[in-house]
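I set down here what I looked up in this entry, in the order in which I consulted it.

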Amino acid sequence: MKAPARVNCIICGEFLRGKQQVFCGYARNMAALEFHHREPHSKIFQLDTRTLANRNWRDVETEAEKCLLLCSNCHAEHHNPGAFIDQA
């Protein structure tokens with residue numbers, strides 16, 4: 001596993017440990033999970049490997065607590081509600 005993917009897996013794993021579950025119940029591959037800020041105006045930084053490189057763990061935890069953990073499909077559907085095939 002490449003280093004960036006490993007960092008995301010660690011963050012997802014910590015986030016899932018007794019906190020929040022993925023919206024749709026997806027639980028096969030942590031690389032397919034994404035953080036979605038419930039209130040975008042409260043976002044201080046994005047939870048991806050590029051921005052996490054120089055952050056302390058407590059800041060990462062604080063930011064993650066503002067998020068839902070969504071699979072890639074659910075995250076895309078959330079941000080594009082008018083793009084469903086049956087609505088085309």
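I began with contacts, meaning heavy atoms within 4.5 Å. Of those in the protein chain between residues at least 6 apart in sequence, 65% join residues at least 24 apart.

I noted the basis of these values: the model is predicted, local features need pLDDT of at least 70, side-chain atom pairs count only at pLDDT 80 or more, and totals for chains, interfaces and linings use all residues. Residues are numbered from 1 along each chain as its sequence is written, and side-chain values use heavy atoms, with hydrogens and water left out.

I then looked up the secondary structure, taken as DSSP runs numbered from the N terminus (helices H or I, at least four residues; strands E, at least two). The protein chain has 4 helices and 2 strands, and their order along the sequence is α-β-α-α-β-α.

For burial, I used relative accessible area with a 1.4 Å probe, protein chains only: buried is under 20%, exposed over 50%, partly exposed in between. Of the 88 residues in the protein chain, 26% are buried.

D59 counts as partly exposed because its relative accessibility is 35%.

The charged end of R55 sits over the F45 ring, 3.9 Å from the ring's centre.

Key:
Lys NZ or Arg CZ within 6 Å of the ring centre and 35° of its normal.
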